[in-house]
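Please read the points below with the model open beside you. They are numbered and can be checked one at a time.

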Amino acid sequence: MGKLSTHKRSRLCGVIHALTVAPVRINGRALLYLYLPVSTDLPVSSCKALSVDKLTLTHDPAPTTEGNENMTKIIGIVQVKGGAGRSTLATNLAGELSKVGRTVLIDGDMPQGTSASWYSVRQESGKAGDLITATATDHRELIDKTEHYKQSADYIVLDGPPRIAEMTRAILVLADLCLIPVGASVAEIWATADVLTLIEEARQVRPVDARMVWTRHRPYTNLAKELATQAEAELGLPILSGTMGMRVAYTEALGSGLTVAEVGDTTARMEMRLLVAEIKKIIR
Ligand SMILES: Nc1ncnc2c1ncn2[C@@H]1O[C@H](COP(=O)(O)OP(=O)(O)OP(=O)(O)O)[C@@H](O)[C@H]1O
Ligand SMILES: [Mg+2]
């Protein structure tokens, strides 16, 4: 299976002191062994050699869910820039998906826990419905909890941290669809270029469907047009047609444990419905 010893792997990347192995069933058909460094937040450049062998796919001899149309769909939200809108997208998506299926929102950005806090407010106001939440403090916990909830959930939404971390790498490999919120600044285009490197690493072991989502979007401004041109030229990732505009409704909804489809701004409600419909179509 191309597995290397821990010793050899350690030699491949000098900063790695220990590696972990975690079996993960992907779509019920494959077993993924994650060989991930215990230390987190490693610069990508220091791990290039490791990345080739870090993630090894091997076939499970007994597929269990082939043809199962109720298979859990996992959507990961990744972006390495802070404040990019990951939690806003994760909470809105999880809240809306929970209206059509059992949904778990896993907050992988602890101790900040924006998504977990949003859920607490939602639960206190009696609006949790078919949505539950969990938190993960490291990639191993994220993998374990994702596995656990796959037994019962229709959708799992993973909210990632603003870092090039093992958590971000794990999300890219676990998710059926990875969404990368990109806001209205060139800094977010640069940050997305860093995500591309992580996507390429993950693609060495599994196809990764990664797509950008414009957020804080102001479509008629020159800046938005320039950024769209730059993103197309430099990033080469697909961009969803649905967007999240620059709207107070997003901040209000986040603090109220709601989705923007549940607050008074009809434009925000419509754009969220369109965005969720597009995402559901991609993952179905
Ligand atoms: N489309 C939007 N329009 C207006 N404000 C927004 C929009 N998206 C996010 N915000 C606001 O920007 C702030 C950061 O958003 P959010 O917490 O979703 O980002 P994040 O990437 O999860 O940040 P962090 O790095 O802190 O985890 C929040 O106050 C949020 O309400
Ligand atoms: Mg966040």
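1. Helix α9 is followed by Gly257, whose phi is positive, near 70 degrees. Helices here are DSSP runs of H or I with at least four residues, strands are runs of E with at least two, and both are numbered from the N terminus. The model is predicted: local features need pLDDT of at least 70, side-chain atom pairs count only at pLDDT 80 or more, and totals for chains, interfaces and linings use all residues. Residues are numbered from 1 along each chain as its sequence is written, while chains are lettered from A and ligands numbered from 1 in the order in which they are written.

2. Which residues of α9 are buried? In this helix (residues 248-256) they are Ala249, Tyr250, Ala253 and Leu254. A residue counts as buried if 20 or more other C-beta atoms lie within 10 Å of its own, as exposed if 12 or fewer do, and as partly exposed in between, with C-beta atoms placed from the backbone. Seen down the axis of α9, the buried residues fall within an arc of 135 degrees, so they line one face of the helix; the arc is that of the directions from the helix axis to the C-beta atoms. An α-helix has 3.6 residues a turn, so residues three or four places apart point the same way.

3. The face of α9 turned away from its buried side carries the exposed residues Val248, Thr251 and Gly255. The cover over the buried residues of α9 includes α3 (86-97), α4 (114-124) and α10 (266-283). Contact means that the C-beta atoms of two residues, placed from the backbone, lie within 7 Å.

4. The protein chain has ten helices and nine strands. Of its 284 residues, 40% are buried.

5. Six strands form an open sheet in the order β6-β5-β7-β4-β8-β9, with parallel pairing; two strands pair if DSSP finds at least two bridges between them. β6 and β9 (210-214) stand at the edges, each with a single partner strand, so one side of each is left without a neighbour in the sheet. Neighbouring strands are turned by 25 degrees against each other on average, direction ignored. Helix α7 (residues 186-203) packs on this sheet and touches β8 and β9; its direction makes about 160 degrees with that of β8. For such angles, axes are lines fitted to C-alpha atoms, for helices over the stretch in contact, and values run from 0 to 180 degrees between N-to-C directions.

6. Strand β5 (residues 103-107) runs parallel to β6 (residues 131-135), and five bridges join them. Leu105 has Thr133 as its bridge partner in β6, and Ile106 has Ala134. β5 also pairs with β7 (residues 155-159) over five bridges, where Leu105 stands opposite Val157. Both faces of β5 are covered: Thr103, Leu105 and Asp107 are buried on one side, Val104 and Ile106 on the other.

7. The largest nonpolar core has 65 residues, and Leu93, Ile156, Val157, Leu158, Ile171 and Ile180 touch the most other members. Helix α6 (residues 166-174) gives this core its largest share, six residues. Such a core is a set of buried Ala, Val, Leu, Ile, Met, Phe, Trp, Tyr and Cys residues joined through C-beta atoms within 7 Å. Not counting residues up to four places away in sequence, Leu158 touches several residues, among them Ile74, Ile77, Ile106 and Ile171.
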